Amino acid sequence: MNKLIKAASMIVLPLLLMVLTYLAYKNVQTLSVPQLELLKLAPYAVFLTGGVLAWKFNRSREFFLIVIFTLAAASLQYLPELPGTGAAMALPDLYVILCVLLPVNILIFSFFKERGIFSLWGWIRLGLIAAEAAAAVWAMLPERRGLLEQLQLELLPVNLQGLTPLSQLSLMIFIITFIRLLIRQMSYRSSQDVAFMAVLLGMLYVLCLDHDPVAYALLWTMSGIILITSIIQDSYAMAFSDELTGLPSRRALKQDMLKLGMNYAIAMLDIDHFKKFNDTYGHDTGDEVLKLVASIVKDVTGGGRAFRYGGEEFTILFPGKSIQEAMPHLEQLREKVAKRGFTVRAQSRGKGKAKRKSKSRSGGAGKQIYITISIGIAQKNEKSKTPDAVMKAADTALYRAKKKGRNCVSK
């Protein structure tokens, strides 16, 4: 249920926010003139908030997209009003440029890794944005009209003018960007990519309207809110999920322990001879073993919730279960791990002495080995009345399982 809620919030929330934006636009006629003027300023307050959060949590892709959206919103709103700039000329030209630059930038920043905001990479990206802004101003000069006409050329023998004012080039970039984000989402399951897709679709819809400043204001505001939501979701995942295994982390365990009721069992388990395995095959292979075991542990049955406790140790909470009720599920888990073979891969990274050391550890490359786990379980009773006490009793039971010869469950 928790996984379902998490997936739904990650995927549905950004799209739901865009639907609400559409409904708000359809009912915007009920607003008074002062309210409409205030609405036109709302994007900048949201962008400022999002920029501060992105800087605070070091989310460079959201930060730079917010910078781009701020420049685009301000250009559409204020550029035609500048002295010497004819609104009849500036707005259509700016529209043509933004219909290309906005999806292009979302596409470009989807490829970039998080490299920091005020780092060398961050300054390079700011330079790229400044270069785009300068190129846009240059392209809008009267003597560069030919360039803008090139952006509106018909690339395919299909007439879409009755459906959308966007050029074929712009539509193609929107489609390519959406496909790119969809592929990333299927590979990495990132709320960031879902947020970018929602913003992209919202832009496509609004740009198909006839230069409506209210629609633009609503779009920019909701785009900023969606990016803020993405920052919060990803930051929460980083704080409460283990990066290596993908399981909830120890911090999440502590929070869930506070929610346990009057009847529950807690299991502690770890990988047998893990230190020896690390020393023999190397830490990279050890990480692969941890990920393999975690992938099995996360599917524990009986209503158990698995967590990465630390090192080679994992914790499983069984809310509303006794030891007798949880034992069959732990035995099933132990057997499943013991039967899953693991193929040792060759270690090839590193230089010089480090590389030779890595090679010395890769003598078993291609060899299939079998991993076992030991498990200790305890439940709440008169002796162990708190979750911490029950966990300590489970840890003691785990020690007994080790003394029995490992690869067993002890209570």
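Author: Two strands count as paired here if DSSP finds at least two bridges between them. Keep in mind that this is a predicted model. With that in hand, take strand 2 and strand 3 (residues 313-319): they pair in the antiparallel sense, over five bridges. To get your bearings in that pair, look at Arg308, which stands opposite Phe314 in strand 3.

Now zoom out a bit. The pair belongs to an open sheet of five strands, ordered 2-3-1-6-7, with mixed pairing. Strand 2 (305-310) and strand 7 (409-410) are the edges; each has a single partner strand, so one side of each is left without a neighbour in the sheet. As for what sits against the sheet, helix 10 (residues 250-257) lies across strand 2 and strand 3, and it runs at about 130° to strand 2.

Helix 11 (residues 274-281) and helix 12 (residues 283-297) have axes that come within 7 Å and cross at roughly 135°. On the helix 11 side, the contact uses Phe274, Phe277, Asn278 and Tyr281. Helix 12 brings His283, Thr285, Gly286, Val289 and Leu290. Sort the residues of this contact by type and you get five nonpolar, four polar and no charged.

Terms used. Residues numbered from 1 in each chain as written. Predicted model: local features only at pLDDT ≥ 70, side-chain atom pairs only at ≥ 80, totals over all residues. Heavy atoms only, no water. Axes fitted to C-alpha atoms, helices over the stretch in contact; angles between N-to-C directions. Helix = DSSP H or I, 4+ residues; strand = E, 2+ residues; numbered from the N terminus. Contact = heavy atoms within 4.5 Å. Nonpolar A, V, L, I, M, F, W, Y, C, P; charged D, E, K, R; others polar.
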